[in-house]
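Trainee: Could you take one part of this model and go through it closely with me? I'd like to see how the inside is packed and what sits around it.

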Amino acid sequence: NNTQQSGIESEMDDLSMETLKDEVDALWENVECNRHMLTRYINPAKLTPYLRQCKVIDEQDEDEVLNSPMLLSKINRAGRLLDILHTKGERGYVVFLESLEFYYPELYKLVTGKEPTRRFSTIVVEEGHEGLTHFLMNEIIKLQQQVKTKDAQRCELLAKSRQLEDERKQLKLNLKELVTFQERYNKMKEERNNYNDELVKVKDENYNLAMRYAQLSEEKNMAVMRSRDLQLEVREALREEKRGCLDSTSDCKYLLCPFVKDRNGEPAALQMLLDSNSHQPHPA
């Protein structure tokens with residue numbers, strides 16, 4: 001009988017454990033249904049202090065969640081935290097909901113469908129009201145530090161904003177100067193183009209003048225050559241005329257040369273000594 005009773009009690013314990021496990025799984029089912037939203041918005045660093053205060057996770061669990069090199073993104077760290085809490089059973093579920101209720105009331109309402117009350121029952125049971133007060137004081141100190149950090153960042157951003165505003169004004173002035181320089185450049189470029197056009201015209205005129213000068217030089221050279229030819233012809237004509245006069249007039253002392261003019265424009269008499277009379281003296 002004792003053996004049968006022990007077996008029955010063992011079966012009842014197993015049944016109770018299975019029932020409890022089913023109940024816990026049912027509780028966590030609500031969390032798993034919203035796992036995507038939870039891991040997307042939860043910051044594990046906010047929840048771990050409360051979870052440690054309630055003794056649901058230990059320092060090793062916290063270090064794994066926050067500092068593991070395998071968990072590179074916030075989503076991965078939040079997912080690992082949910083996995084650890086799931087292993088803590090109903091207590092992990094309850095404390096997790098309390099942390100959501102305190103830090104993420106909207107997510108708490110999403111999971112439970114209830115409005116947050118923020119009773120902190122677990123931490124009161126574990127640590128008493130003094131523990132709750134200590135925890136809340138720590139959270140207030142953290143918030144104050146965050147406010148100081150935000151204020152410092154705000155002052156830094158204001159200083160940066162003023163600096164950027166000064167730079168913007170300076171850039172605006174530089175832009176105005178650049179626009180002025182651009183206008184001057186365009187004007188000078190237009191003048192240069194006009195001067196280039198005039199230069200091209202002057203070059204064309206110089207080229208035409210050079211061609212005309214070369215043509216005139218050639219004509220001059222031809223005229224000089226023609227003049228020399230004419231002078232040679234005149235000299236040759238004079239020689240022929242002289243030779244003819246000597247042959248036709250042996251008694252003539254003077255020869256009128258039609259090519260040489262006197263002051264009155266009449267043919268000048270060229271005194272020539274006749275070869276035939278060169279030995280006779282002139283009459284007195």
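Mentor: Let's start with the whole chain, then go into the core, and finish with the charged pairs.

This is a predicted model, in which local features need pLDDT of at least 70 and side-chain atom pairs count only at pLDDT 80 or more, while totals for chains, interfaces and linings use all residues. Residues are numbered from 1 along each chain as its sequence is written, and side-chain values use heavy atoms, with hydrogens and water left out.

The chain has eight helices and two strands. Helices (H or I, at least four residues) and strands (E, at least two) are DSSP runs, numbered from the N terminus. Reading along the sequence gives the pattern α-α-α-α-α-α-α-α-β-β. The chain has 284 residues, and 20% of them count as buried. Buried means under 20% relative accessible area, exposed means over 50%, and partly exposed is in between (1.4 Å probe, protein chains only).

Now for the core itself. A nonpolar core is a set of buried Ala, Val, Leu, Ile, Met, Phe, Trp, Tyr and Cys residues joined through side-chain atoms within 4.5 Å. The largest one here has 26 residues, and Val31, Leu38, Ile42, Leu47, Leu85, Phe96 and Leu100 have the most contacts inside it. At least two residues come from each of H1 (2–33), H3 (44–53), H5 (74–86), H6 (89–103) and H7 (105–112). H6 gives the most, with six residues. As a rule, nonpolar side chains tend to be buried together in soluble globular proteins.

Pick Leu85 and look around. Contact means heavy atoms within 4.5 Å. Setting aside its neighbours within four places in sequence, Leu85 is in contact with Trp28, Leu51, Val56, Ile57, Gly92 and Phe96. Across the chain, 57% of the contacts with a separation of 6 or more are between residues 24 or more positions apart.

Some of those partners sit where H5 and H6 pack. The angle between these helices is about 135°, with their axes 7 Å apart. Axes are lines fitted to C-alpha atoms, for helices over the stretch in contact, and angles run from 0 to 180 degrees between N-to-C directions. That makes H5 oblique to H6. Here's the scale: under 35 degrees is roughly parallel, over 145 roughly antiparallel, 65 to 115 roughly perpendicular, and the rest oblique. Leu82, Leu85 and His86 in H5 meet Gly89, Gly92 and Phe96 in H6. These residues split into three nonpolar, three polar and no charged. In this count, Ala, Val, Leu, Ile, Met, Phe, Trp, Tyr, Cys and Pro are nonpolar, Asp, Glu, Lys and Arg are charged, and the others, Gly among them, are polar.

Stay in H5 and find Ala78. Ala78 counts as buried, at 3% relative accessibility. Not counting residues up to four places away in sequence, Ala78 touches Thr39, Ile42 and Pro44. The C-alpha atoms of Ala78 and Ile42 are separated by 6.4 Å, though the two are 36 residues apart along the chain.

H3 also packs against H4, at an angle of about 175° with axes 10 Å apart. That makes H3 roughly antiparallel to H4. Pro44, Ala45, Thr48, Pro49 and Arg52 in H3 meet Glu59, Glu62, Val65 and Leu66 in H4. This contact has five nonpolar, one polar and three charged residues.

Two of those residues bring us to the charged pairs. A salt bridge is a side-chain nitrogen of Lys or Arg within 4 Å of a carboxyl oxygen of Asp or Glu. The whole structure has nine of them. Glu62 and Arg52 meet in one (2.8 Å, N to O). Glu62 lies in H4 (59–67) and Arg52 in H3, so the pair ties together parts 10 residues apart in sequence. Glu62 is buried, with a relative accessible area of 14%, whereas Arg52 is partly exposed at 37%.

Arg35 is in H2 (35–41), and the two residues are 48 apart. Both ends are partly exposed: Asp83 at 32% relative accessibility and Arg35 at 24%.
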